[in-house]
Amino acid sequence: MCAEAGILRIGHVLSSNGGLLPSLEMASKMRAKKFGKGGQYAPWVHIEDLAMALVHVTQNIQKYNGKSINIASPDHKTYDDILSQLAKNKGRRACIIPVP
């Protein structure tokens, strides 16, 4: 029996080795506090959580036949929240310099 294709919707992948985190860290180093208005939510997932989710989906493919699967943290953060936390973790002070 052949499984139907499903749709994976993956949040921004965060990893110290790649994904979106290096770009966010660059913005933080440049003291940016927000992208645009800053209130946009950023669906995100850590690389290890993504790997576990993909293993789960592939091991249970029949359960997810033809369905949309969202892989993102349940902890909703805005870009403002993320950049502020990065600045705090690095001991930097975030300025209010919006990045368009």
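L14 stands opposite G19 in β3, where strands (E, at least two residues) and helices (H or I, at least four) are DSSP runs numbered from the N terminus. The model is predicted: local features need pLDDT of at least 70, side-chain atom pairs count only at pLDDT 80 or more, and totals for chains, interfaces and linings use all residues. Residues are numbered from 1 along each chain as its sequence is written, and side-chain values use heavy atoms, without hydrogens and water.

Strand β2 (residues 12-15) runs antiparallel to β3, joined by two bridges; pairing requires at least two DSSP bridges. The open sheet has the order β3-β2-β5, with mixed pairing, and its edge strands are β3 (18-19) and β5 (44-46).

Two helices pack on this sheet. Contact means heavy atoms within 4.5 Å; angles, from 0 to 180 degrees, lie between N-to-C directions of axes fitted to C-alpha atoms, for helices over the stretch in contact.

| α1 | β2 and β3 | about 75° with β2 |

The largest nonpolar core has nine residues, including L14, L21 and Y79. Such a core joins buried Ala, Val, Leu, Ile, Met, Phe, Trp, Tyr and Cys residues through side-chain atoms within 4.5 Å; buried means under 20% relative accessible area, exposed over 50%, and partly exposed in between (1.4 Å probe, protein chains only). Its largest share, four residues, comes from α3.

K77 and D75 form a salt bridge (3.8 Å, N to O), defined as a Lys or Arg side-chain nitrogen within 4 Å of an Asp or Glu carboxyl oxygen. K77 is partly exposed at 31%, and D75 is partly exposed at 38%.
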